Amino acid sequence: MIQHDVIVVGSGIAGMRCALEIKRSAPQANVAIVTKQYPVRAASVVERTGIAAALGNSSSDSVEAHISDTLAYGKSNNAAAVKALCELAPAAVYELEHMGLPFSRLKSGRIAQQPAYGHSQPRLANAGDQTGHAIVTTLYGEIVRFGIQVYPEQFMLGLVVDGKNVRGVSVLDIRSSEINIINAKVTVLATGSYGQLYANSADSYASTGDGHAAALRAGINLTGMDLVTFHPLGVANTGLIINERVLADGAHLLNAAEKRFTNELASFDVVAAAINAEIAAGNGVDGHVWLDVRHLPTSQIRERYPHVLDYAEDFAGVNPKHDLIPVKPTQQATLGGLSTDLNGSVAGFEGLYAVGACANNGVHGEQALPGNELAAAVVFAKLAGAAIVAKLGSAVHGNVPSYATSNASDEVEGLFGQKGAHKLGLVRKNLRHAFSSQSTSNEQQVGFVHSLRDQFGQIGLHDKNRRFNTELLEALELDRLLDVADAVAKASVAAL
Amino acid sequence: MKVTFRVPRFDAATDFTAKYQIYHVEVTPYTTILDALNIIKEEQDSTLAFRRGSQSGIDGTCGMMVNGRNRLASTTRVMGLNATEIALGPLPGFPVIRDLVVDFDSFFAKDAVMLPYLVTDIAKPEDGKERLQSPKDANRIALAATCNQCGCCTSACPVHWSNGEYYGPSALTRAYRFVEDSRDTAIKARLDIVGSETGVWRCHTIFNCSECPKAIPNGENIQALKRKIMLNKIGLGRIEVKVARTEATV
């Protein structure tokens with residue numbers, strides 16, 4: 001058993017920012033990060049466009065304007081959370097700059113501010129079009145500077161719970177399949193989204209809702225699980241998102257006849273629905289439509305959204321100057337998670353916090369305003385870090401129940417022993433297609449998830465090797481994704 | 001189109017040499033190497049071990065050798081290779097854990113030696129806002145800062161193969177990114193690190209490392225560091241120049 005004062009699960013932006021806050025304000029605190037990847041590979045890197053903050057560098061922007069844009073876009077936001085987010089976002093961005101984040105700049109030398117959908121002012125601070133990656137790399141540098149211990153390639157099997165007290169986590173060492181208990185006074189879930197539930201997803205392969213499932217298994221309710229947003233411009237066959245700014249700049253959507261079929265400047269959901277309808281009506285090409293940027297100057301593409309060039313070449317093998325780019329709607333964000341207050345504390349459980357995409361404090365409402373997800377990740381992770389420091393003095397390690405290890409090892413050994421006929425990969429594929437398909441109703445999804453859960457019980461695990469067993473890892477992830485799928489399907493039915 | 005993949009199977013715990021396995025995969029113009037590996041794993045052989053991450057190449061998880069060159073599996077289209085037979089391999093020069101999975105621990109340890117964070121004497125502005133940096137200065141580091149630490153460059157370096165202590169191009173590009181940052185003032189300390197016995201002078205300008213998935217000219221960056229070290233040795237005072245430039249911008 002390993003002991004730390006605080007264990008943070010997940011090495012994305014929220015997890016690293018939270019750990020950093022704890023270490024910076026309480027240097028004596030023994031905080032560590034456990035992650036199933038290497039920290040710089042965290043799923044947060046997929047957020048490309050920018051981080052929203054009313055710095056007012058490019059216009060007379062104000063916190064009030066950011067608040068009202070956020071409320072108008074999200075509709076049912078937690079107003080207190082929005083106020084905290086918008087007020088604290090500028091300081092959070094300055095702080096990242098002070099850490100050395102390579103922001104794009106204005107001629108004045110100040111941080112550049114890009115316009116974005118839903119924002120009344122240019123407001124996104126960006127590092128080229130790799131902002132998430134820049135934040136991850138910068139925060140990782142701080143993790144190194146402060147000597148915060150990181151355990152890479154360790155999969156969290158579950159929370160260690162004693163009554164209503166969370167005592168840490170059980171983890172599987174991916175390289176050896178050994179099980180360990182990390183006992184901590186405070187446990188922070190920063191495990192990200194459940195985007196992998198969708199066949200077309202902009203999220204990383206790692207976004208399998210591990211923290212969500214751990215919460216469900218510990219008897220913690222999840223909220224807002226049906227709040228999953230779709231972006232109209234996913235590159236077909238990958239799900240990676242092309243910045244919608246191309247539409248504002250005059251790019252066109254074309255059907256199989258290479259004719260425009262919708263107003264590209266309408267809201268995201270309207271454009272996405274129009275694309276789905278066009279495909280359903282048989283006017284698509286192999287399940288996608290075309291994005292036409294041929295008339296946009298290459299220099300502008302290179303300057304504003306260079307990933308368009310990379311994506312077209314890397315994933316479609318086309319040159320956007322001369323060719324059309326295949327696109328279809330793709331899952332962009334998942335907003336459901338553990339209900340927390342603004343400090344990330346999970347009600348009803350002692351010693352448990354959640355930050356980032358696995359937490360839901362209601363800040364985004366029904367959909368996240370572009371750039372607000374990154375802002376929320378740093379702002380609320382910092383608040384959580386401060387709240388944890390205040391608590392640490394009185395927190396105790398507590399007793400680790402013996403069933404924590406046996407439950408974890410039962411699960412892993414159970415999977416190693418499975419000899420059924422169903423194929424893991426196929427179950428996973430069917431699950432993801434059911435959630436991406438337009439023709440599956442929410443009621444059907446509930447039933448479908450149940451049948452896939454049955455099939456999962458009858459999969460065979462062919463890889464018996466204990467070293468870096470990626471089939472075992474996939475099985476553990478799918479097991480959790482099925483729990484999350486059930487919660488999403490039921491929440492969607494209840495929301496109707 | 002049907003493509004043949006030749007993939008080494010190896011477990012460091014039990015094997016001395018790799019055995020090669022052949023898989024046949026039906027690909028479309030859009031299929032990437034990572035897609036093909038997923039198809040193999042889903043439909044043919046679930047025991048094949050490889051890592052996968054963001055699927056966009058921005059995270060650097062899926063570096064591997066593809067037909068003799070280090071590439072990211074997620075951003076390499078099979079048909080773009082113009083070959084019906086494709087040989088895959090783990091990134092050379094790193095210890096193989098299993099199949100296509102290599103051990104990055106020493107790689108990240110070298111990165112940490114580079115002080116991969118801003119070190120500066122320039123005070124934060126009193127209003128708490130950002131330090132100023134001209135677009136030109138920001139652009140000097142923008143490309144190097146996109147390094148996703150996939151390891152393709154360091155793995156391609158023959159010097160790294162023969163001398164595992166050599167920091168390698170990835171770590172040196174990280175150092176370059178901070179040396180070139182107008183906000184950073186620890187240039188002397190940084191040049192001392194990269195100028196040490198296991199640093200830039202081990203580079204024999206082979207430039208394999210400049211074949212970077214993110215198009216970062218790693219080899220050129222290393223030569224730029226060498227020049228900076230020499231200019232400082234002969235007292236051309238680049239450090240002072242740099243501080244002056246920064247103050248002028250602020």
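In which order do the three strands of the open sheet of chain A stand? The order is 9-14-16, and the pairing is mixed; two strands count as paired if DSSP finds at least two bridges between them. Welcome to a quick tour of this predicted model, in which local features need pLDDT of at least 70, side-chain atom pairs count only at pLDDT 80 or more, and totals for chains, interfaces and linings use all residues. Residues are numbered from 1 along each chain as its sequence is written, while chains are lettered from A and ligands numbered from 1 in the order in which they are written.

**The sheet in chain A**
- Strand 9 (222-223) and strand 16 (359-360) of chain A are the edge strands, each pairing on one side only; strands here are DSSP runs (E, at least two residues) and helices are DSSP runs (H or I, at least four residues), numbered from the N terminus.
- Strand 14 (residues 337-339) of chain A runs parallel to strand 16 of chain A, and two bridges join them.
- Ser339(A) has Asn360(A), in strand 16 of chain A, as its bridge partner.

**Domains of chain A**
- Chain A is divided into domain 1 (2-226 + 335-392), domain 2 (234-330) and domain 3 (403-495), with bounds from an automatic or database domain assignment.
- The C-alpha centres of domain 1 and domain 3 of chain A are 26 Å apart.
- Between these two domains, 28 residues of domain 1 of chain A are in contact with 29 residues of domain 3 of chain A (contact means C-beta atoms, placed from the backbone, within 7 Å).
- On the domain 1 side of that contact, strand 6 (154-162), strand 7 (165-173), strand 8 (179-189) and helix 5 (210-217) of chain A each supply at least two residues.

**Where chain A meets chain B**
- Here 51 residues of chain A are in contact with 53 residues of chain B.
- Helix 4 of chain A gives the largest share of the side of chain A that touches chain B, six residues.
- By class, that side of chain A has 21 nonpolar, 17 polar and 13 charged residues; Ala, Val, Leu, Ile, Met, Phe, Trp, Tyr, Cys and Pro count as nonpolar, Asp, Glu, Lys and Arg as charged, and the others, Gly among them, as polar.

**Domains and sheet of chain B**
- Chain B has domain 1 (2-102) and domain 2 (105-249) in its domain assignment, and their centres, taken over C-alpha atoms, are separated by 31 Å.
- Five strands of chain B form an open sheet with mixed pairing, in the order 2-1-5-3-4.
- Strand 2 (19-26) and strand 4 of chain B are at the edges with a single partner strand each, so one side of each has no neighbour in the sheet.
- Two bridges join strand 3 (residues 63-66) and strand 5 (residues 85-89) of chain B, which run antiparallel; Val66(B) has Leu88(B) as its bridge partner in strand 5 of chain B.

**A helix pair in chain B**
- Helix 6 (residues 168-179) and helix 7 (residues 187-194) of chain B pack at an angle of about 160°, with axes 10 Å apart; axes are lines fitted to C-alpha atoms, for helices over the stretch in contact, and angles run from 0 to 180 degrees between N-to-C directions.
- That angle makes helix 6 of chain B roughly antiparallel to helix 7 of chain B (angles over 145 degrees count as roughly antiparallel, under 35 as roughly parallel, 65 to 115 as roughly perpendicular and the rest as oblique).
- Residues making the contact include Leu172(B) and Phe178(B) of helix 6 of chain B, and Ile187(B) and Arg190(B) of helix 7 of chain B.
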